[in-house]
Amino acid sequence: MEQFIEWVKQPWPWWVAGPLIGLTVPILLIIGNKSFGISSSLRHICAMCVPANIPFFTYNWKKEIWNIVFVIGILIGGFVATAFFSNPEAIVIAESTQQDLAALGVTDFSSLMPAEIFNWSNLFTAKGLLFFVVGGFLVGFGTRYAGGCTSGHAIMGISSLQWPSMVATIFFMIGGFLMTHAFLGPLMTLVGF
């Protein structure tokens, strides 16, 4: 049992994790013709909690309760993985990526998210405002504008051969490349990172 727990704590190889993620699509389609995606759960939660007569939230959200249960399962799984199965080793990052991040002031690779950016003391600073508030708004706006999130489009949409998902995923990637290679450095300088 101890060997199994040690194995679970290690990063899983792509040939295990990738097929497991990929199998969620046909399983959801087979067990109930459901589409994989996370961003729609926010709409279901709002429809469940907001009794106002807002047309966007007026639908039978109870038919989508599986999606809310799925998201709760992800949250519980994330907590269990972090609390009981976290790998104590430093995150393995390519040397060239470490150098690029160091140029931006990110040098702590001891956890999944850089402590220089994601910490409570940054929350009410210009850096925190940029990363958490503006970044969160842009992610939410982009998700709504694209009609879904990266998991819905890139995993579910492309695998079911939906042209809009291919276009959305291409633009998600272009946006990520532009942010990383063109805008991140100047923005970090602007907020005094």
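Guide: Start with one term. Helices are DSSP runs of H or I with at least four residues, and they are numbered from the N terminus. One more point: this is a predicted model.

Visitor: How many helices and strands does the protein chain have?

Guide: Eight helices and zero strands. From the N terminus on, the order reads α-α-α-α-α-α-α-α.

Visitor: What does the C-alpha trace span along its principal axes?

Guide: About 50 × 45 × 35 Å for the protein chain. The chain has 193 residues, and buried residues make up 19% of them.

Visitor: Now the loops. Where is Asn33 found?

Guide: Asn33 sits in the loop between α2 (14–32) and α3. Look at the backbone there. Most residues other than glycine have a negative phi. Asn33 is not a glycine, yet its phi is positive, about 55 degrees.

Visitor: Is Asn33 buried or exposed?

Guide: Exposed. The cut-off for exposed is over 50% relative accessible area. Asn33 has 63%, so Asn33 counts as exposed.

Visitor: Which loop holds Leu161?

Guide: The loop between α7 (150–159) and α8. Leu161 also has a positive phi, about 60 degrees, although it is not a glycine. Its relative accessible area is 77%, so Leu161 is exposed.

Visitor: Next, helix packing. What describes two packed helices?

Guide: Two numbers: the angle between their axes and the distance between the axes. Angles of 65 to 115 degrees count as roughly perpendicular.

Visitor: Which residues of α3 and α4 make the contact?

Guide: From α3: Ser40, Ser41, His44, Ile45 and Met48. From α4: Asn67, Ile68 and Val71. By class, that contact has four nonpolar, four polar and no charged residues.

Visitor: At what angle do α6 and α8 pack?

Guide: At about 160 degrees, with axes 13 Å apart. Here α6 covers residues 126–146, and α8 covers residues 163–190. An angle over 145 degrees counts as roughly antiparallel. So α6 and α8 are roughly antiparallel to each other. The crossing of α6 and α8 is right-handed.

Visitor: Which residues of α6 and α8 make this contact?

Guide: Leu130, Phe131 and Ala146 come from α6. Ala168, Phe172, Leu184, Leu187 and Met188 come from α8. By class, the contact of α6 with α8 has eight nonpolar, no polar and no charged residues.

Visitor: How are α2 and α7 placed?

Guide: Their axes come within 10 Å and cross at roughly 55 degrees. That makes α2 and α7 oblique to each other. The crossing of α2 and α7 is right-handed.

Visitor: Which residues of α2 and α7 meet?

Guide: Ile21, Val25 and Leu29 of α2 meet Ile155, Met156 and Ser159 of α7. The residues of this contact divide into five nonpolar, one polar and no charged.

Visitor: Let me try single residues. Is Thr143 buried or exposed?

Guide: First place Thr143: this residue lies in helix α6. Buried means under 20% relative accessible area. Thr143 has 17%, so Thr143 is buried.

Visitor: What does Thr143 touch?

Guide: Leave out residues up to four places away in sequence. Then Thr143 touches Ser39, Gly148 and Cys149. Now compare sequence with space. Thr143 and Phe172 are 29 residues apart along the chain, and their C-alpha atoms are separated by 9.7 Å.

Visitor: Where does Ala154 lie?

Guide: In helix α7. Ala154 has a relative accessible area of 32%, so Ala154 is partly exposed.

How values were computed:
Residues numbered from 1 in each chain as written. Predicted model: local features only at pLDDT ≥ 70, side-chain atom pairs only at ≥ 80, totals over all residues. Heavy atoms only, no water. Contact = heavy atoms within 4.5 Å. Helix = DSSP H or I, 4+ residues; strand = E, 2+ residues; numbered from the N terminus. Nonpolar A, V, L, I, M, F, W, Y, C, P; charged D, E, K, R; others polar. Buried < 20%, exposed > 50% of the residue type's maximum accessible area, 1.4 Å probe, protein only. Axes fitted to C-alpha atoms, helices over the stretch in contact; angles between N-to-C directions. Parallel < 35°, antiparallel > 145°, perpendicular 65-115°, else oblique. Left-handed = near helix turned anticlockwise from the far one by under 90°.
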